[in-house]
Amino acid sequence: MAWALKLPLADEVIESGLVQDFDASLSGIGQELGAGAYSMSDVLALPIFKQEESSLPPENENKILPFQYVLCAATSPAVKLHDETLTYLNQGQSYEIRMLDNRKIGELPEINGKLVKSIFRVVFHDRRLQYTEHQQLEGWRWNRPGDRILDIDIPMSVGIIDPRANPTQLNTVEFLWDPSKRTSVFIQVHCISTEFTMRKHGGEKGVPFRVQIDTFKENENGEYTEHLHSASCQIKVFKPKGADRKQKTDREKMEKRTPHEKEKYQPSYETTILTECSPWPEITYVNNSPSPGFNSSHSSFSIGEGNGSPNHQPEPPAPIADNLLPTSTPQEAQQWLHRNRFSTFSRLFRNFSGADLLKLTREDVIQICGPADGIRLFNALKGRMVRPRLTIYVCQESQQLRDLQQKHEDGDTVTSTFFVYHAIYLEELTAAELTEKLAQLFSISSQQISQIYKQGPTGIHVLISDEMIQNFQDESCFVLDTMKAETNDSYHIILK
């Protein structure tokens, strides 16, 4: 090997110089590769990378959305930068969500002067729980009979029209609203985050939920099926006043952190802005069927519909005497449920015979179906008729009755006599309704009854009015006396 040969002195000096130069060159390479020599931002600043970066689409945050939804509740200060905001809510407390119209002039002109429909949902944030959502909600229903996960506070809400809450969808509500008018909906969440944790030993961390809003416009057929916008935010629900305590705890923890550590967290905002998201997959427009109860003709909401029966397409009225029999088979029980507008619960009762359904107590039915439909189903199972507001009994005065009354006044012995009374059922409690019922009893036209009087003290005749009928005692008995009117062929009737 050449390196093994003994070189002359001059050659040794040259070799030593070459080794030093080689070492220095290696040292320089090490310095250039040091941490302070360059960074990835310097590399990305090269023209070739700048050209690729400029071809990327603009960020969604610069996009102006047609609607904006603002939840009036503060965000947590203990959320790191670039993470999604988290908002704490109290169970059962009403929180305002403002529905804002952000459209530019000329944007979406087809909804000008028209209503849109928004569907509110409280769903799981955790994907694992999303896969088992149906089982989770069914378990919650059995543990909390008659309760809902999500409700609308109707008296406090502004600008909402025809809100609906289907009893089979405990976590969903929907309503119509006009984007050109001020609209605020107050929601109440009745479940708490710790109700869906795997292990419940106390002190466990609750699961987060999402509040999602999907908004639709009308299609050509007047059905709200065309998707416009969706947005959601992350929440956690605590027992009453628990959200306030949690917010205070997070704020105190952040105050103890150093200024450098605080820079890693986002500040707490007074309100929560819902961010754009994909529409919920199980929405009604997927199967092209209209949302029940909505059409192009709009009406104001009545309180009785809020937690009422499920909305159905018009069905022919059921027969009057359509009572479920104990001998009915499960198939016949299913047909009875459909005829009486309980189709929504047919799957729950698919194995129930007539005897099984009739054995259910009122509490059982309310626990299964909720309070509104539970009471309706229980009454239908028991064949209960609606009780009239007022019942009176009347007997037409005859000569035999006059003689009997005279004997009673004279102190003579009165023999037992059988008199027939007729029942009159009143619902409206008005003089016009009583006139109509008495005309039917006498088989005459209501125009032939001129006036109705009630015999008062000392035999005076008091004209019957709506207010007087409303103060009748239930199941009062009256004797009817008739007098021919002087002016025409009509009659006066006196209640004695």
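Before the pairs, the term: when I say salt bridge, I mean a side-chain nitrogen of Lys or Arg within 4 Å of a carboxyl oxygen of Asp or Glu. With that in hand, Asp151 forms a salt bridge with Arg148, and the closest N and O atoms are 3.2 Å apart. Are these two buried or exposed? Buried here means under 20% relative accessible area, exposed means over 50%, and partly exposed is in between, with a 1.4 Å probe and protein chains only. Asp151 counts as buried because its relative accessibility is 15%, and Arg148 counts as buried at 8%.

Quick housekeeping. This is a predicted model, so local features need pLDDT of at least 70 and side-chain atom pairs count only at pLDDT 80 or more, while totals for chains, interfaces and linings use all residues. Residues are numbered from 1 along each chain as its sequence is written, and side-chain values use heavy atoms, with hydrogens and water left out.

Now the overall picture. The protein has 496 residues, and 38% of them count as buried. There are 14 helices and 18 strands; those are DSSP runs, helices being H or I with at least four residues and strands E with at least two, numbered from the N terminus. The accessible surface comes to about 30600 Å², and 52% of that belongs to carbon and sulfur atoms. Those areas come from the Shrake-Rupley method with a 1.4 Å probe, and for residues only the protein chains shown count as cover. As for contacts, meaning heavy atoms within 4.5 Å: of those in the protein with a separation of 6 or more, 70% are between residues 24 or more positions apart.

Back to the charges. The structure holds 15 salt bridges. Take another one of them: the side chains of Glu110 and Lys217 meet at 2.6 Å, N to O. What does that pair tie together? Glu110 lies in the loop between β3 (95-101) and β4 (116-124), and Lys217 is in strand β9 (residues 209-218), so the pair links parts that are 107 residues apart in sequence. Glu110 is partly exposed at 37% relative accessibility, whereas Lys217 is buried, with a relative accessible area of 13%.

Next, helix α6. Asp250 forms a salt bridge with Lys246, with the closest N and O atoms 3.5 Å apart. Asp250 and Lys246 both sit in α6, four residues apart, which is about one turn of the helix. Why does that spacing work for pointing the same way? An α-helix has 3.6 residues a turn, so residues three or four places apart point the same way. Asp250 counts as buried at 3% relative accessibility, and Lys246 is partly exposed at 29%. And while we're on bridges, those that share partners join Glu110, Lys217 and Glu226 into one network.

Staying on α6: Glu252 is in that helix too, and Glu252 is partly exposed, with a relative accessible area of 37%. Glu252 and Ala78 are 174 residues apart in sequence, and 9.9 Å apart in space, C-alpha to C-alpha. Lys256 is also in α6, which covers residues 242-256, and Lys256 is exposed at 74% relative accessible area.

That brings me to the patch. Lys80, Lys253, Lys256, Arg257 and Lys264 form a positive surface patch. Patch residues have over 30% relative accessible area and no salt bridge; like charges are joined within 9 Å, and nonpolar side chains (Val, Leu, Ile, Met, Phe, Trp, Tyr) within 5 Å. Lys and Arg count as positive and Asp and Glu as negative, with His and the chain ends not counted. The place of a charge is taken as NZ of Lys, CZ of Arg, CG of Asp or CD of Glu.

Last stop, the packed spots. In helix α11 (residues 371-381), the buried residues are Asp373, Gly374, Arg376, Leu377, Phe378 and Leu381. What covers them? The cover includes α8, α9 and α10 (362-369). After α11 comes Gly383, with a positive phi near 65 degrees.

Ser353 is in the loop between α8 (330-339) and α9 (354-358), and Ser353 is buried at 15% relative accessibility. Setting aside residues up to four places away in sequence, Ser353 touches Ser328, Thr329, Pro330 and Ala333.

Finally, Thr391 in strand β13 (residues 390-396) is buried at 6%. Beyond neighbours within four places in sequence, Thr391 contacts Ile424, Tyr425, Gln473, Asp474, Glu475 and Ser476. Okay, over to you.
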